[in-house]
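This report goes through one structure part by part. Please look at the sequence and the model before reading on.

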Amino acid sequence: LQFLYFIGKGGGSMLPFVRLPIDIGTDNPNVHSYMLYWLLVQLSNGVVISGVLVSYLSLITDKSTMKVGFAEAFFGLCALFPGLYGGYLSDNNRRDRVIKIGGMSTLIGCCLMIVAMVLTISSHGVDNELDNTTTLGEYKFLIVSGLFAVLYAAQSFGDSSARAIMADSLTTGHRLEFMKTLTMYSKFCYGLGPVFSIVFFLTTGNDWTERQLSILIIIGLALKIPAGLITLQFNDDNCLGDESMALVRNKPPPGSPKRSRLKNYAMVPVYYYLSDFIWCTGGGMSTKFYPLFFQDKDGGLGMSPAVVLSIIAALPFLVIPVTRAAVWVAFKIGRIQCDFILWYIGTACLLGMVVMGYTGRFTMGLSDRLITTGLYLSRSALLQTTAVLQQSVIMDYVPKKKRAKWASLDAITQVGWSGSAALGGVLISKYSYQAVFLGTAIMYYVSTVVKIPLFWIVPKRQETVVAKDPLAVLRVVFLKKQNMLTHRDIMGVTSFFTTPEEIAEAERAKRDLSSTSEEDRSSDIEDGIN
């Protein structure tokens, strides 16, 4: 605790800046630090989270899906409060301090977890199975679950702050392109984890044993230690100013028609996070159990470790081209429109897996298993791509000073994600995998209904917003007169305009500002004007 206090006491970067050797569209140190941090986290998750951890928990609980589900629910609950509190602190203090505390806590948690896993390996006998007569063997499930819960809580504390400082360091309007780049590289790193695990299993024995899974968990956790060190590079002083403000104001202009008042931009993140919570609640019931579904011989596909990990490894590399295509389509038809198309097609693929299961085709030939695997990969690639569109919209429409708070709400959706895993484990043990898949598909469709109002709020193109919001129009005109205006010039700005159209728009915006209170006026200027 003293160490964490010392780390969080000072602001600014505590390590030399490490620039990525790739073109990500910006030279901002915070953006490079975030991308390097996230790539290391994804590389670690690719080894640990991609089927290894859930398989390990399944083995040490005698393949009890119920206990595995409750463990995942416990992880999510432990991440709830630290995530919300970290977001609150980040919006009221320097973000880099919160990120450093979260990063160092994650580093300490990884070290403790590695020690526990090393002790677990040392307790194995010649048959590679843990001696359950020892104290460690008797409580291994509680020890491992408890330490992983601490690790989840530590990472949750700083994650929302890291995303917020990344958004504050990117120019508004360019986040979708960056999110596409980040997603492609992070999926590539995540895919390397299962590839490494495949090689490991093929060289040490292609079978699920506790010793092999323990070694993989240790390697994955060791990869997360450098990610904790990278958090020392973040610096609030490197954040952008007006260039990273919200795209539009969070309320309609005073005196606007009733119809335009329905277009309350402040509701954009509300609709998204409500939909996200429903989606996570449904997805959590099944997502954690896909690796068990592929390897389970009773009710699943009965695949070997190398085959299961090959499927998991293929998914990130499939997401990369799908993401590129989705961003291209989003620029053509709109982000919300593209988001809905991906959701409905992806959920239809999941329903196809349900049909394959209820018709008894899981136990048939190779071609049927290939179809089921293809449906799974299509479903996962399409739904994972929607995160790129969602994050770009949220960061564009959330005020700069509230981004960490909104990002911290992921801790609540994580509770739904992990908490529903407990329900999924019970349903699988009582009914079947297909029953859980069906419930997940229904929840997916419900989550899309919540986002329907976004069709009338978020425009297909940013120019639509500019044309209807006087302050946004004024902002665009300001861009034509760069370096000529400041916030203090706002009330006397008309002298800088030349055409009658520009003067009329400026006068209208000035009247709107004059009719608001001083507090609202400051907020309007901050959120709506560059």
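## Overall make-up

Of the 530 residues in the chain, 57% count as buried. The model is a predicted one. The chain holds 23 helices and 0 strands.

Contacts in the chain between residues at least 6 apart in sequence can be sorted by separation: 82% of them join residues at least 24 apart.

## Nonpolar cores

The largest nonpolar core has 76 residues, and F148 and F294 have the most contacts inside it. Helix 13 (residues 305–333) supplies the largest share of this core, with 11 residues. Another core lies apart from it and has 24 residues, including L39, M179, A227 and V327.

What does F148 touch, leaving aside its neighbours within four places in sequence? The residues in contact with F148 are V48, L53, F75, M113, I217 and L221. Of these partners, L53 is in helix 3 and I217 is in helix 9, two helices taken up next.

## Helix 3 and helix 9

Two packed helices are described by the angle between their axes and the distance between the axes. For helix 3 (residues 52–60) and helix 9 (residues 210–230), the axes come within 10 Å and cross at roughly 145°. The crossing of helix 3 and helix 9 is left-handed. On the helix 3 side, V52, L53, S55, Y56, L59 and I60 take part, and they meet E210, L213, S214, L216 and I217 of helix 9.

Is helix 3 largely enclosed or largely open? Because 8 of its 9 residues are buried, helix 3 is largely enclosed by the rest of the structure. The buried residues are V52, L53, V54, S55, Y56, L57, S58 and I60. After helix 3 comes D62, which has a positive phi near 55°.

## Aromatic pairs

How many aromatic pairs does a search of the whole structure find? The search finds 20. One of them is formed by F81 and Y85, with 5.7 Å from centre to centre and 5° between the planes, and this pair is stacked. F81 and Y85 are 4 residues apart in helix 4 (residues 65–92), so about one helical turn separates them. In an α-helix there are 3.6 residues a turn, so residues three or four places apart point the same way. F81 counts as exposed because its relative accessibility is 59%, over the 50% cut-off. Y85, at 39% relative accessibility, counts as partly exposed.

The pair of Y344 and Y445 is tilted, because the ring centres are 5.3 Å apart and the planes stand at 35°, which falls between the limits of 30 degrees for stacked and 60 for edge-to-face. This pair links distant parts of the chain, with Y344 in helix 14 (residues 335–358) and Y445 in helix 18 (residues 433–450), 101 residues apart. Y344 is partly exposed, with a relative accessible area of 35%, and Y445 is also partly exposed, with 26%.

## A cluster and a charge over a ring

Six aromatic side chains can be followed as a group: Y290, F293, F294, Y376, Y433 and F437 form one aromatic cluster. Its member F294 was named above among the residues with the most contacts inside the largest nonpolar core.

A ring also takes part in another arrangement. The charged end of K451 sits over the ring of F340, at 5.8 Å from the ring centre.

G69 has its place in helix 4. Is G69 buried or exposed? With a relative accessibility of 0%, G69 counts as buried. Not counting residues up to four places away in sequence, G69 touches F289, S418, A421 and A422. G69 and S286 are 217 residues apart along the chain, and their C-alpha atoms are separated by 9.8 Å.

S310 and A325 can be read together. S310 lies in helix 13, and A325 lies in helix 13. S310 is partly exposed, with a relative accessible area of 35%; A325 counts as partly exposed at 39% relative accessibility. The C-alpha atoms of S310 and I198 are separated by 6.9 Å, with the two residues 112 residues apart along the chain. For A325 and T385, 60 residues apart along the chain, the C-alpha separation is 9.7 Å.

Definitions and conventions
Residues numbered from 1 in each chain as written. Predicted model: local features only at pLDDT ≥ 70, side-chain atom pairs only at ≥ 80, totals over all residues. Heavy atoms only, no water. Phe/Tyr/Trp six-rings, centres within 6.5 Å; stacked < 30°, edge-to-face > 60°. Buried < 20%, exposed > 50% of the residue type's maximum accessible area, 1.4 Å probe, protein only. Lys NZ or Arg CZ within 6 Å of the ring centre and 35° of its normal. Core = buried A, V, L, I, M, F, W, Y, C linked by side-chain atoms within 4.5 Å. Contact = heavy atoms within 4.5 Å. Axes fitted to C-alpha atoms, helices over the stretch in contact; angles between N-to-C directions. Left-handed = near helix turned anticlockwise from the far one by under 90°.
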